[in-house]
Amino acid sequence: MSTIGRCVNIGSQAIVASTLIEKNIGFWVAFLICTCAIFLGLILLYLGRNNYVNLPPDGSVLPSAWKVIYIAVRNGFRLDAARPEKVVEDTGKTVKWRHSFIEEMKKALVAARIGVPFIVYWLCQNQITSNTVSQAANMETSGVPNDLMPDLNAITVLLCLPLATHGLYPLLRKLRISFPPVTRIALGFLLEATAMGFAAGVQGYIYASGPCYDHPRTCPASPDGKLPNRVSVAMQIPIYVFEGLGEIFSNPAMYEYAFTEAPHSMKAVLQAFFALTAAGGSALGLALTPTYKDPYLLAMYASLAGTMFVGAVGVYALLRPRRTRTDSEAGS
């Protein structure tokens, strides 16, 4: 997973070139570069086709999983109602799954609980390509394009992910200090809460600064909206640094947790569910669109920071006992 993260953030460095190209030449060139990059990826995928491990499809557990959940919901959210013998007793019909499949479903659903707070986490992550870019547009940028600032997040990941993977984690193992996925996820959430808290602080400082205070670029003192509030865009740097650090700890740990906690037949399903939480974060962002304007941005950032902090504490407090039991069972 760390390799994927590095590749994603290396590719994201194209934002530097595309931002300058769209500013100095035009958007069509920037989009053309992205199109060429996609075709380059397809060519590399084709050339390396003989080096990949291709496993034959062995069917999907999703149809059976949905049927089990449907039966459970109809019977008061009791998964035991979907056991084969119970279904035969109640309906006279036979089902394809076995008794063990119900037990695997129970374990998968327990592990899936940790994905719920990731919906808010992805909502916070989405701020760095939307609202914080708009925030930078209301600050003094000294000629730096405001949509170039999110690249600081990718740079943070590229610099610090190898340090964590090859430095911090081996050191903790050497010192016999446990740092399991749940702890890393909680730490990532705390860093994300810090990033949103800092964004709220920056927004508050913008609102406290002239010439337009809590309505940047819209007052008579800013002719045609050309004069931003007197706040340097450099104040945003910690936002992207904390976002990147949170990403380093939370993202790989999420998929590691899915792989280690889910039964073998449910690993792909649980990883797909965690990926689906990103869509949930985007949908929640659409619902919050009315707050994405002045003077509500300060309250919005502060609310995200508070929610993310509660999520961090909740994940660690609720799932730590399960993690402790799992570790002790593994040790025995």
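These are my notebook entries on a predicted model of one protein chain.

**Entry 1: overall layout**

I began with the secondary structure. I counted 13 helices and zero strands. I then took the box along the principal axes, and the C-alpha atoms fill roughly 75 × 50 × 50 Å. I looked up burial next. Of the 332 residues in the chain, 38% are buried. I also checked how far apart in sequence the contacting residues lie. Among contacts with a separation of 6 or more, 76% join residues 24 or more positions apart.

**Entry 2: domains**

I took the bounds from the domain assignment. Domain 1 covers 3-46, domain 2 covers 61-97 and domain 3 covers 111-319. I looked up the spacing of domain 2 and domain 3. Their centres, taken over C-alpha atoms, are 40 Å apart.

**Entry 3: α6 against α12**

I wanted the geometry of this pair. Helix α6 spans residues 99-112 and helix α12 spans residues 267-287. Their axes are 10 Å apart, and the packing angle is about 25°. An angle under 35 degrees counts as roughly parallel, so α6 and α12 fall in that class. The crossing of α6 and α12 is right-handed. I listed the contact residues: A108, A111 and A112 come from α6, and L270, F273 and F274 come from α12. By class, this contact of α6 with α12 has six nonpolar residues, with no polar and no charged ones.

**Entry 4: α10 against α11**

The crossing of α10 past α11 is left-handed. I sorted the contact by class and found 19 nonpolar, four polar and four charged residues.

**Entry 5: the loop between α10 and α11**

Helix α10 covers 181-207 and helix α11 covers 237-261, and Q236 lies in the loop between them. Is Q236 buried or exposed? Its relative accessibility is 0%, so Q236 counts as buried. I left aside neighbours within four places in sequence and listed what Q236 contacts: T132, Q135, A136, M139 and M149.

I checked the backbone of this loop too. P211 sits in the loop between α10 and α11. The G210 to P211 peptide bond is cis, with omega near 5°. D224 is also placed in the loop between α10 and α11. D224 is not a glycine, yet has a positive phi of about 55°. With a relative accessible area of 73%, D224 is exposed.

**Entry 6: backbone checks elsewhere**

I found a cis peptide bond between D294 and P295, with omega about 5°. P295 is in the loop between α12 and α13, the latter helix being 297-331. I then looked at S142, a residue other than glycine with a positive phi near 55°. S142 is in the loop between α8 (131-137) and α9 (151-174). Its relative accessible area is 77%, so S142 is exposed.

**Entry 7: F259**

How far is its C-alpha atom from that of A111? The two are separated by 9.9 Å, though F259 and A111 are 148 residues apart along the chain. F259 has a relative accessible area of 48%, so I noted this residue as partly exposed. Not counting residues up to four places away in sequence, F259 touches K267 and Q271.

Conventions: Residues are numbered from 1 along each chain as its sequence is written. This is a predicted model: local features need pLDDT of at least 70, side-chain atom pairs count only at pLDDT 80 or more; totals for chains, interfaces and linings use all residues. Side-chain values use heavy atoms; hydrogens and water are left out. Axes are lines fitted to C-alpha atoms, for helices over the stretch in contact, and angles run from 0 to 180 degrees between N-to-C directions. Helices (H or I, at least four residues) and strands (E, at least two) are DSSP runs, numbered from the N terminus. Angles under 35 degrees count as roughly parallel, over 145 as roughly antiparallel, 65 to 115 as roughly perpendicular and the rest as oblique. A crossing is left-handed if the near helix is turned anticlockwise from the far one by less than a right angle, and right-handed if clockwise. Contact means heavy atoms within 4.5 Å. Ala, Val, Leu, Ile, Met, Phe, Trp, Tyr, Cys and Pro count as nonpolar, Asp, Glu, Lys and Arg as charged, and the others, Gly among them, as polar. Domain bounds come from an automatic or database domain assignment. Buried means under 20% relative accessible area, exposed over 50%, partly exposed in between (1.4 Å probe, protein chains only).
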